[in-house]
Amino acid sequence: MQSTQMWPALALAVALHAQTALAQPGLAELERAFWHCDRQAQTGLVDIGTAADCSRSFEALKARKFDGNFTAMLAWWRVNKPNPEPGDESVRRRPSRGARSVNQP
């Protein structure tokens, strides 16, 4: 009798797993979201909702494409990051940590 009682629970678990799997974006979609967020972060401030969405996209991409390895993801980003077109003023260049402004002694 117990085995027949397990079927509804098993069916529910399978349905929930299928629904979750369908809701997960593919790697290409995660990469597009990542690069969109990367571009937004370079061009200005983002609101709290966008920052949260970008954080979720980042974590999902890191987990699925790089097996959670941040160092591997960083190396991938360095190789694949888009370079701004010459004269593209929409991308602000931030000085690296410890860098001094030209006007500073």
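Me: How many salt bridges does a search of the whole structure find?
Reply: Three. Keep in mind that this is a predicted model.

Me: Start with Lys65. Which residue does Lys65 form a salt bridge with?
Reply: Glu31. The closest N and O atoms are 2.8 Å apart.

Me: Which helices do Lys65 and Glu31 lie in?
Reply: Lys65 is in helix α3, residues 48-66, and Glu31 is in helix α2, residues 27-43. So the pair ties together parts that are 34 residues apart in sequence.

Me: And how accessible is Lys65?
Reply: Lys65 has 34% relative accessibility, so it counts as partly exposed.

Me: Next one. What is the N to O distance for Asp53 and Arg56?
Reply: 2.4 Å, with the two side chains meeting in a salt bridge.

Me: Where do Asp53 and Arg56 sit?
Reply: In helix α3, three residues apart. That separates Asp53 and Arg56 by about one helical turn.

Me: Is Arg56 buried or exposed?
Reply: Exposed, at 53% relative accessibility. The cut-off for that is over 50%. Asp53 comes out at 43%, which counts as partly exposed.

Me: What about Glu59, which residue is its salt-bridge partner?
Reply: Lys62, with 3.2 Å between the closest N and O atoms. Glu59 and Lys62 are also three residues apart in helix α3, about one helical turn.

Me: Switching to burial: is Lys62 buried or exposed?
Reply: Lys62 counts as buried, because its relative accessibility is 16% and buried means under 20%.

Methods: Residues are numbered from 1 along each chain as its sequence is written. This is a predicted model: local features need pLDDT of at least 70, side-chain atom pairs count only at pLDDT 80 or more; totals for chains, interfaces and linings use all residues. Side-chain values use heavy atoms; hydrogens and water are left out. A salt bridge is a side-chain nitrogen of Lys or Arg within 4 Å of a carboxyl oxygen of Asp or Glu. Helices (H or I, at least four residues) and strands (E, at least two) are DSSP runs, numbered from the N terminus. Buried means under 20% relative accessible area, exposed over 50%, partly exposed in between (1.4 Å probe, protein chains only).
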